[in-house]
Amino acid sequence: MPPARSWRAYPQVYRLEAARCKKCGKVSFPPRLVCNKCGEREFDRFNMKRTGKVVTHTIIRTPSDEFSGEAPFAVGVVEMDGGGRLTTQIADVSFDELKIGLPVQMEFRRLYTEGDAGVIHYGHKAVPIRQ
Ligand SMILES: [Zn+2]
């Protein structure tokens with residue numbers, strides 16, 4: 001990832017920063033400039049909670065090159081408690097354990113290693129909350 005792009009993504013990636021529309025309350029993650037529900041341009045920024053529930057999921061068996069060493073792995077959409085949705089890898093889960101409504105929390109993990117220099121990229125992954 002070029003430095004400029006990773007710098008711009010910083011607040012969202014590291015703090016899970018989302019935007020709540022001041023007019024209709026729709027939560028966007030990553031934040032948008034214009035609400036895709038009502039067209040409003042004013043938002044309140046907030047950091048999403050780190051817990052939520054899986055709303056859809058799938059198993060990736062043939063990923064893009066940088067994730068090829070990880071396959072197969074689970075990816076899903078997580079509805080965060082308090083609002084906001086994100087698409088993320090679901091780690092530390094057996095595939096028959098994956099289900100809609102599964103409680104998860106976001107953890108900061110190594111995502112993949114890039115190129116011969118072995119540049120390591122980090123980001124959030126969802127892991128099941130086990131009682
Ligand atoms: Zn709106």
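**A zinc site, a buried lysine and salt bridges**

With a relative accessible area of 12%, Gln89 is buried (under 20% relative accessible area; exposed is over 50% and partly exposed lies in between, using a 1.4 Å probe and protein chains only). The model is a predicted one, in which local features need pLDDT of at least 70 and side-chain atom pairs count only at pLDDT 80 or more, while totals for chains, interfaces and linings use all residues. Residues are numbered from 1 along each chain as its sequence is written, and side-chain values use heavy atoms, with hydrogens and water left out.

Gln89 has its place in strand 6 (strands are DSSP runs of E with at least two residues, helices are runs of H or I with at least four, and both are numbered from the N terminus). Apart from neighbours within four places in sequence, Gln89 is in contact with Glu70, Phe73, Ala74, Val75, Lys125 and Ala126 (contact means heavy atoms within 4.5 Å).

One of these partners, Lys125, deserves a paragraph of its own. Lys125 lies in strand 8, which spans residues 119–128. Lys125 is buried yet has no salt bridge, and the nearest side chain of opposite charge, Glu70, is 4.4 Å away. Here a salt bridge is a side-chain nitrogen of Lys or Arg within 4 Å of a carboxyl oxygen of Asp or Glu; Lys and Arg count as positive and Asp and Glu as negative, with His and the chain ends not counted. A polar atom of the Lys125 side chain does lie 3.1 Å from the backbone oxygen of Arg110. Not counting residues up to four places away in sequence, Lys125 touches a set of residues including Glu70, Thr88, Gln89, Arg109 and Arg110.

We turn next to the metal. The zinc ion is coordinated by the SG atoms of Cys21, Cys24, Cys35 and Cys38, at 2.3 to 2.4 Å (donors are N, O and S atoms within 2.8 Å of the metal, or 3.2 Å for Na, K and Ca; water is not among the atoms, so sites may look incomplete). The arrangement is tetrahedral because the 4 donor atoms subtend angles of 103 to 115 degrees around the zinc ion (four donors count as tetrahedral if all angles lie between 85 and 135 degrees). Along the sequence, the donor residues follow the spacing C-x2-C-x10-C-x2-C. Cys24 lies in the loop between strand 1 (17–21) and strand 2 (27–28), and Cys38 in the loop between strand 2 and strand 3 (43–47), so the pair ties together parts that are 14 residues apart in sequence. Cys24 counts as partly exposed at 30% relative accessibility, and Cys38 is partly exposed with a relative accessible area of 29%.

The salt bridges come to a count of 8. In one of them, the side chains of Glu17 and Arg45 meet with N and O 2.7 Å apart. Glu17 lies in strand 1 and Arg45 in strand 3, so this pair ties together parts that are 28 residues apart in sequence. Glu17 counts as buried at 10% relative accessibility. Arg15, Glu17 and Arg45 are linked in a network of salt bridges. The side chains of Arg85 and Glu79 also meet in a salt bridge, at 2.5 Å from N to O; Arg85 is partly exposed at 46%, and Glu79 counts as partly exposed at 28% relative accessibility. Glu97 forms a salt bridge with Arg130, the closest N and O atoms being 2.9 Å apart. That pair links distant parts of the chain, with Glu97 in the loop between strand 6 and strand 7 and Arg130 in the segment after strand 8, 33 residues apart.

Strand 3 also holds Phe46, which is buried with a relative accessible area of 19%. Leaving aside neighbours within four places in sequence, Phe46 is in contact with several residues, among them Leu16, Glu17, Val27 and Gly82. Leu16 has a positive phi of about 55 degrees although it is not a glycine. Leu16 sits in the loop between helix 2 (10–15) and strand 1 and is buried, with a relative accessible area of 2%. Asp92, another residue other than glycine, has a positive phi near 55 degrees; Asp92 is partly exposed at 47%.

Finally, the backbone contains cis peptide bonds. One joins Phe29 and Pro30, with omega about -5 degrees, and Pro30 has its place in the loop between strand 2 and strand 3. The peptide bond from Ala71 to Pro72 is cis, with omega near -5 degrees; Pro72 lies in the loop between strand 4 (51–60) and strand 5 (73–80).

Technical notes: Tetrahedral: all angles 85-135°; square planar, octahedral: opposite > 155°, others 65-115°. Polar contact = N/O pair within 3.5 Å; in protein donor to acceptor, adjacent residues only side chain to side chain.
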